[in-house]
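Hi everyone, thanks for coming.

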Amino acid sequence: MFRLKNFIQQSWLLIVVSFVFGLLIAVANAAWQDEILQNEEDKFNNLAKGMLTEAAGFETALDDAEIKSLKGKKIKIDIKKAISADGKCVGWAFICEGSGFADKIKLVLTVDAGFDKLAGFGVLSSNETPGFGDQIKLPYYRNQYVNAPAAALTLSKTGNPKIIDSEIVAISGATVSSEAVIKIINHYIEQVREQLQSKGLIADGK
Amino acid sequence: MANDAVKEGVYKDMLLRGLWRENPVLRLLLGMCPTLAVTVAVKPALTMGLSVVFVLVCSNIVVSLIRNLLKPHLRILMFTVTIATFVTIADLFLKAYLPDMSERLGPYVPLIIVNCIIICRAEACASKNSLFISIIDAIGMGIGFTLTLCVLAGIREILATGAVFEIQILALQNQGGWFVPWAAMSMPVGAFITLGLMLALVNVITKRKS
């Protein structure tokens, strides 16, 4: 009883303040959540349109598709279909994420209509080391993924980054970040392909 | 009447000391991480400075209001919780209304939580003084920090790109002008050299004055 009384005497202010501050953050979050989500969606569309240049817009092809995250948890993602001005499917786009060197890396991955080749990736959010890991955003690294096969990619520390194949040349001084991007793409690409095949949205390769 | 004049003088002195005599960056050498990291251009430097002013003012208000209830051994924890709350709010605001700037500043906005200036002012001023004095101290220190960041960023931006606030001032050589951009100024080395020169200049001026 004495211990409990002492605990409350010592920490009541911290408990009250934490509760009030938690409430304050919740209110701020609720007030600005719509704008933040809208900004993320705008960014998704801009990034995806930059990679799928023929796309006039995006529509949700699979809502809440169940995917296993890199940590083994079941998560739900939206898979979007890129539609050209004449209504044809010109590709697929979805968000994938995993751990980077410093923090979570969130990518927009785009694939061509037949799900054979990657159209590229864009970084939606990351906190990689400035000057090193954040070079995953630069064309030098990103261009290696444009038209690369939509299959298991491998990382190489040396090689010619201009040769487009399944071997990606790592960023010097940022191997962990380079590896993280490949790991995320490899992990998601097969699962998304399976999801689209199971719904008959792309041809079954069997 | 005389008492009011003395008080006014004290407040004015408190407001101004953050600009020069106790400038957090140039005299106290606090907040070096954002000073070096976000001063590539004036816009991110100004955004960072204003975010710090917001967090500094809000945290000083809260700490000053609860100063008589603080337990000595829990005070640092209380300061950290307070600062983290306002940094989270500033971060959410930037994400909602200045998404490009939020992305440009990256992890340095959340890192305001560990900015020594804020915890230093909470400990040295707000936990010992009245609300009004704490607010004045926060504004003075915040403006001092923001101005220093902007001057440093202005020097780096003009030498690295020939522009200030993204407005082209010097005609670049590759566009028919005379100015050759100093690429090093946009790199970390540019931040260290410029800050070093600014610190040296401040030391020389201070020595001459004394």
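Let's begin with one residue: A:Phe115 counts as partly exposed because it has 19 C-beta neighbours inside 10 Å. For that label, a residue is buried if 20 or more other C-beta atoms lie within 10 Å of its own, exposed if 12 or fewer, and partly exposed in between, with C-beta atoms placed from the backbone.

Before going further, a word on what we are looking at. This is a predicted model, where local features need pLDDT of at least 70, side-chain atom pairs count only at pLDDT 80 or more, and totals for chains, interfaces and linings use all residues. Residues are numbered from 1 along each chain as its sequence is written, while chains are lettered from A and ligands numbered from 1 in the order in which they are written.

Back to our phenylalanine. Where does A:Phe115 sit? Its place is the loop between strand E4 (104-112) and strand E5 (118-125) of chain A. Helices (H or I, at least four residues) and strands (E, at least two) are DSSP runs, numbered from the N terminus. The phi of A:Phe115 is near 60°, a positive value in a residue other than glycine. As a rule, most residues other than glycine have a negative phi.

With 14 C-beta neighbours inside 10 Å, B:Phe165 counts as partly exposed.

Now to the sheet in chain A. Five strands form an open sheet in the order E1-E2-E3-E4-E5, with antiparallel pairing; two strands pair if DSSP finds at least two bridges between them. At the edges are strand E1 (55-68) and E5 of chain A, each pairing on one side only. On average, neighbouring strands of this sheet are turned by 25° against each other, direction ignored. If you zoom in on chain A, strand E2 (residues 74-84) and strand E3 (residues 89-99) run antiparallel and are joined by five bridges. A:Ile79, for instance, has A:Phe94 in E3(A) as its bridge partner.

What lies across the strands E1, E2, E3, E4 and E5 of chain A? Helix H1 (residues 2-51) of chain A does, running at about 155° to E5(A). Helix H3 (residues 175-198) of chain A lies across these strands too, at about 130° to E3(A). Those angles run from 0 to 180 degrees between N-to-C directions, and the axes are lines fitted to C-alpha atoms, for helices over the stretch in contact. Contact here is between two residues whose C-beta atoms, placed from the backbone, lie within 7 Å.

Over to chain B, which has eight helices and two strands. Along the sequence, its pattern reads α-α-α-α-α-α-α-β-β-α. Of its 210 residues, 40% count as buried.

One helix pair there deserves a look: H3(B) and helix H7 (residues 131-161) of chain B pack with their axes 8 Å apart, at an angle of about 165°. H3(B) and H7(B) are therefore roughly antiparallel to each other; the cut-offs are under 35 degrees for roughly parallel, over 145 for roughly antiparallel, 65 to 115 for roughly perpendicular, and oblique for the rest.

Finally, confidence. The model scores ipTM 0.86 and pTM 0.80. Chain B averages a pLDDT of 92, pLDDT being the predictor's confidence in each residue, from 0 to 100. Thanks, and I'm happy to take questions!
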